[in-house]
Amino acid sequence: MSDAVELIGTFTCPIVHRVEVALRLKGVPYEFIEEDLGNKSALLLKHNPIHKKVPVLLHGDRRPALCESFVILEYLDEAFPDQRPGLLPADPLDRAMARFWARFIDEKCWGPAWVALWAAEGEGKEAAAREAKANLALLEGQLDGKRFFGGDRIGFLDLVASGFAHWLGVYEEMGGTRLLAEDGHPALWRWAREYAADATVRQCLPDREALLAAMATSKERFVSAATAMARK
Amino acid sequence: MLSCSPTSTHHPHSTSSQHSHPQTQTDRHPSNAPTMASEKSSSDLTLLDFWVSPFGQRVRIALAEKSLPYEYVEEDLLAGKSERLLQSNPVHKKIPVLLHGGKPVNESLIIVQYLDEAFPDTPSLLPSDPYARAQARFWADYVDKKVYDCGSRLWKLKGEPQAQARAEMLEILKTLETELGDKEFFGGEHGFGFVDAAFAPFTPWFMSYEKYGEFKVAEVAPKIAAWAERVGKRESVAKSLYSPDKVYDFIGVLKKMYGIE
């Protein structure tokens, strides 16, 4: 069985970044296939017919492809156990906590953050901003004085939270809503700097100006998604 | 499938707030809960749960598959949330919560994985191969994201939004049908597994989905219907679930609470 790894994604997506950093931390060579989310390719639709999203991981001849970032991250930890082991912690309770906070990040932080960033005024935007900030504070509590969520080294939860370290600032600039600031979330702010400064992470962090330019045409898509979410 | 009888030999010892629905009180408790569920357990496990919750049932199924004794605590969610629940799951304030040596683990699929990892000498629900594990996680996540939410819209909504929910539910069932294929269980070679445990608690809800959506699972997804019957006979599942009638009645109670016609 071939073992070549292909990652379908886009540099504009922080969810894809989670997987890319994991691959680099594990020292797994991969080919990055850039996807245009505004015009989804046949390749993406073939390999992720259910959710039609990135990231998608193709590992050798294993089919169907692997979809959903948490699934992929856990897979990488288990498929490459000897390479930079322990993206997830070893202890079962710690693992359960990491998985819990990972879901929290997506459902309770990014969920309301997306509405806060992009929904029109009066579409629950302010309430969503309050909720996002409150939940970021809860997440911040998990740092508990550690350098990273994973302890001394970047781990699963740091990868899941990574969007806040780089992409969030870009979205804030595009959308005009501020969610994460040093005075409001000092520990998370400090963590963001630590994370973004890591040598491996830096290889996968796209330039801010490049992100702004690439996402200029995406704003409309973000706004309609956020408006739909706000109405739920 | 459990059909709840009014008299129970052991009511779970609830520390939750008082019941406020006398007409449902008699048949609300898991009267056929396994004897081990009421012992103060040697594995030091306590499950905070709600009788009809499919999410709680996943954990009950996993515990039964592993023959792990535990204390079952019924949270009377219709009456409010107990102090214990609020302290154990302050973030979401939801059941199920598993307490292991007093330490809480939240969210049903996370709890099931935890049980696999904390009790490695018991039958595991996830297979051992990393790729197979990944696919199992993907499909359990699919069930998690899709089934309950779509089902709820089916009985809550009317008109066009309900028609949309119906169309989605048919799509979900057909997608799961394709994934199941000709396998006996979603777990395939592994046997009854993670995805089976994740989806089985929704099988008593099929009747309600059928009534509200005006379709038949046996017609839309015959393999899923056959799997539901098979899985319903499995001991761990049979003793954890309630009858479709009980679920249907429960939905009626919820609709009244929400003021839905």
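**Core packing, sheet arrangement and salt bridges**

Of the 161 residues that make up the largest nonpolar core, Phe164(A), Trp191(A) and Phe199(B) touch the most other members. The greatest contribution to this core comes from helix α4 (residues 92–118) of chain A, which supplies 16 residues. The structure described here is a predicted model. Beyond its neighbours within four places in sequence, Phe199(B) is in contact with Val143(B), Val147(B), Leu173(B), Leu176(B), Phe186(B), Phe206(B), Ile224(B) and Trp227(B).

Chain A contains an open sheet of four strands in the order β2-β1-β3-β4, with mixed pairing. Strand β1 (residues 5–9) of chain A pairs with β2(A) in the parallel sense over four bridges. Within this pairing, Ile8(A) has Ile33(A) in β2(A) as its bridge partner. Helix α1 (residues 14–25) of chain A packs on the sheet and touches β1, β2 and β3 (56–59) of chain A, its direction making about 155 degrees with that of β1(A).

Over all chains, the structure holds 26 salt bridges. One of these links the side chains of Glu107(B) and Arg103(A), with an N to O distance of 2.9 Å. Because Glu107(B) lies in the loop between β4 (103–106) and α4 (108–118) of chain B, whereas Arg103(A) belongs to helix α4 of chain A, the pair joins two chains. Both Glu107(B) and Arg103(A) are buried.

A salt bridge is also formed by the side chains of Arg178(A) and Glu172(A) (3.4 Å, N to O). Here Arg178(A) is partly exposed, with a relative accessible area of 47%, while Glu172(A) counts as buried at 9% relative accessibility. In chain B, Lys145(B) forms a salt bridge with Asp141(B), the closest N and O atoms being 2.7 Å apart. Lys145(B) and Asp141(B) are separated by about one helical turn because they are four residues apart in helix α5 (residues 130–156) of chain B. Lys145(B) is partly exposed at 42% relative accessibility, and Asp141(B) is buried at 18%.

Asp44(B) is placed in the loop between α1 (22–25) and β1 (45–49) of chain B and is partly exposed, with a relative accessible area of 42%. Although Asp44(B) and His100(B) are 56 residues apart along the chain, their C-alpha atoms are separated by 5.7 Å. Not counting residues up to four places away in sequence, Asp44(B) touches Leu99(B), His100(B) and Gly101(B).

How values were computed
Residues numbered from 1 in each chain as written. Chains lettered and ligands numbered in written order. Predicted model: local features only at pLDDT ≥ 70, side-chain atom pairs only at ≥ 80, totals over all residues. Heavy atoms only, no water. Buried < 20%, exposed > 50% of the residue type's maximum accessible area, 1.4 Å probe, protein only. Contact = heavy atoms within 4.5 Å. Core = buried A, V, L, I, M, F, W, Y, C linked by side-chain atoms within 4.5 Å. Pairing = 2+ DSSP bridges. Axes fitted to C-alpha atoms, helices over the stretch in contact; angles between N-to-C directions. Salt bridge = Lys/Arg side-chain N within 4 Å of Asp/Glu carboxyl O.
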